Structure formats: C-alpha cells, structure tokens
Amino acid sequence: MKKIVAPSILASNFGKLDEEIEMINRSEAGWIHCDIMDGNFVPNISFGIPVLKAVKEVSKKPLDVHLMIEKPSRYIQAFKDAGADNLTVHLEALVHLDRVIHAIREAGMRPGVAVNPSSSLDGLAYILPELEQVCLMTVNPGFGGQKFIPYSIQKVRDLKEMIERTGSSALIEIDGGVDHNTAPALVEAGADVLVAGSYVFKADNPEKNIAKLNQLLGN
Ligand code: DX5
Ligand code: ZN
C-alpha cells in the first residue's frame with residue numbers, strides 16, 4: 001500500500017493560498033491536510049468553510065479535513081459540500097462517536113478519528129473496523145510548529161497492534177512535529193500518513209521536503 005504525505009496548510013501563507021496549493025499539486029503529496037479550529041475545543045481559531053471551498057477549487061489532491069471543533073456532528077454535510085474527502089473528528093469531542101462516524105460515511109466521506117496525545121486508545125477498540133484512518137496527535141492540538149511528544153512512538157506501536165488484532169484497515173496518521181528527524185521512528189512504528197505543516201511550508205524548498213518525507217515513508 002502506498003503511504004501518504006499530507007501537508008498541513010495551517011503553516012502556509014494565506015495571502016498566497018492559491019500558489020501554496022499549486023505547489024502541493026506539483027509535489028509528491030497525496031492529500032492536503034486542512035485544520036479547522038473553533039476557539040473552543042482548542043484555544044486557537046484557524047479558518048472555516050469558505051476558505052475550504054477556495055482550497056477545493058484549486059486542489060488536485062483529496063482534502064483531508066481535521067475538525068478541532070465542539071459538536072462536529074452539526075457540520076458534517078457542510079464539510080461535504082465544501083469539498084472534504086476525509087473527515088476526521090476528535091474522540092474527546094464526542095459522546096456518540098459511532099453515530100457520527102456512520103453519518104460521515106453516509107455523507108460520502110472517509111471517516112477518521114483524531115486522538116489527543118494523553119488520551120487512551122481504549123475508546124477506539126470497538127469502532128476501529130469502521131474507520132478509514134486514526135489521526136494520532138503528536139502535539140497538543142491547536143497550533144503548528146510545536147515540539148513532537150516522544151511517548152507518541154509507543155502509542156503508534158500500540159495502535160498498529162490494535163488495528164491488526166481487530167482486522168481493521170484504518171490508516172495511522174501522524175499529526176504534529178513531523179520532520180525528517182521524527183519521521184523514521186514513526187514509520188518504523190507503523191505510520192501510514194505523515195501530516196507536516198512547518199516542515200513543508202517554512203522550508204526554502206517545500207516540494208523537496210515533501211519528497212523527503214515520501215522517501216522516508218518508503219515510497
Ligand atoms: C495542530 C494541527 C496540525 C498542525 C501541524 O493542531 O492539527 O495539523 O498543522 O503542524 P506542524 O507540522 O508544524 O507541527
Ligand atoms: Zn491537523
């Protein structure tokens with residue numbers, strides 16, 4: 001199976017968003033990671049549905065939408081209409097996770113669940129076969145450019161073992177502090193998708209750093 005690099009446009013230059021998306025189109029990236037923050041679930045506010053629609057108009061790659069918002073069930077159809085291909089909701093934001101996962105699939109998107117660094121994976125045990133991806137947060141969500149949390153490597157291994165045990169085909173997505181130093185251990189532990197914000201967009205040559213991560217994924 002081909003593994004995926006997903007640049008996070010949170011770290012991009014929003015004044016030149018179309019050029020940033022064109023760069024991703026030319027690159028070896030598989031998806032475009034879009035971080036939606038509401039100022040409640042996380043302390044930061046990023047961008048919302050109108051911006052996502054603008055990204056969709058330029059993008060040739062699937063949009064991987066990561067919702068860091070409270071009550072995400074209110075916006076499933078809105079994100080589908082805006083162009084989301086993958087829709088990931090936070091374990092910590094939901095009481096009725098099963099219902100929301102099925103609603104995402106019924107709306108025609110690939111459902112994912114994101115898990116904060118300190119949260120246990122136990123809440124995923126029964127729902128794993130229903131998921132297309134699990135996003136392991138390897139920083140506390142809300143901001144780009146933070147330091148990778150080292151205990152996350154063991155969590156990737158634990159998730160990989162759970163996925164194999166339950167017969168799930170969910171991809172393991174890593175989000176936060178990914179660069180050429182942290183990627184090798186993550187890939188060895190079982191990562192399938194590497195999200196990278198600062199490592200791509202703050203680089204002199206973003207396309208080259210995307211290619212570097214792609215190479216570290218073994219593609
Ligand atoms: C953080 C976001 C990440 C962020 C990653 O809450 O979910 O996707 O953009 O940024 P870096 O790669 O800079 O850690
Ligand atoms: Zn994210």
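How many aromatic pairs does the structure hold? I looked this up and found that the structure holds 1 aromatic pair; rings of Phe, Tyr and Trp (its six-membered ring) pair if their centres lie within 6.5 Å, with planes under 30 degrees apart counted as stacked, over 60 as edge-to-face and the rest as tilted.

Basis. I am reading a predicted model, in which local features need pLDDT of at least 70 and side-chain atom pairs count only at pLDDT 80 or more, while totals for chains, interfaces and linings use all residues. Residues are numbered from 1 along each chain as its sequence is written, chains are lettered from A and ligands numbered from 1 in the order in which they are written, and side-chain values use heavy atoms, with hydrogens and water left out.

Entry on the aromatic pair. The partners are phenylalanine 14 and phenylalanine 47, edge-to-face, with 5.8 Å from centre to centre and 65° between the planes. Phenylalanine 14 sits in the loop between β1 (4-7) and α1 (17-26) and phenylalanine 47 in the loop between β2 and α2 (49-58), so the pair ties together parts that are 33 residues apart in sequence. I note that helices (H or I, at least four residues) and strands (E, at least two) are DSSP runs, numbered from the N terminus.

Entry on the zinc ion. Which residues coordinate the zinc ion (ligand 2)? I found His33 (NE2), Asp35 (OD), His66 (ND1) and Asp175 (OD), at 2.0 to 2.3 Å. Donors are N, O and S atoms within 2.8 Å of the metal (3.2 Å for Na, K and Ca); water is not among the atoms, so sites may look incomplete. The spacing of the donor residues in sequence is H-x1-D-x30-H-x108-D. Aspartate 35 in strand β2 (residues 32-37) and aspartate 175 in strand β7 (residues 171-175) are 140 residues apart, and the pair links distant parts of the chain. Both aspartate 35 and aspartate 175 are buried.

Entry on ligand 1. I listed 20 residues that surround ligand 1, the closest being Asp35, Gly142, Asp175, Gly197 and Ser198; a residue is taken as near if one of its heavy atoms lies within 4 Å. I then checked oxygen atoms of ligand 1 for polar contacts. The side chain of serine 8 has an N or O atom 2.8 Å from one, a backbone N or O atom of glycine 145 lies 2.8 Å from one, and a polar side-chain atom of serine 198 lies 2.5 Å from one. A polar contact is a pair of N or O atoms within 3.5 Å; within protein, one must be able to donate a hydrogen and the other to accept it, and residues adjacent in sequence count only if both atoms are side-chain atoms. Taken alone, ligand 1 exposes 380 Å², and the protein buries 99% of that (Shrake-Rupley method, 1.4 Å probe; for residues, only the protein chains shown count as cover).

Entry on single residues. Leucine 52 is in helix α2 and counts as buried, at 0% relative accessibility. Its C-alpha is 8.1 Å from that of alanine 84, 32 residues apart along the chain. Lysine 71 has a positive phi of about 50° although it is not a glycine; lysine 71 is in the loop between β3 (63-68) and α3 (76-82) and is exposed, at 54%. Histidine 180, in the loop between β7 and α6 (183-189), is partly exposed, at 38%.

Terms used. Buried < 20%, exposed > 50% of the residue type's maximum accessible area, 1.4 Å probe, protein only.
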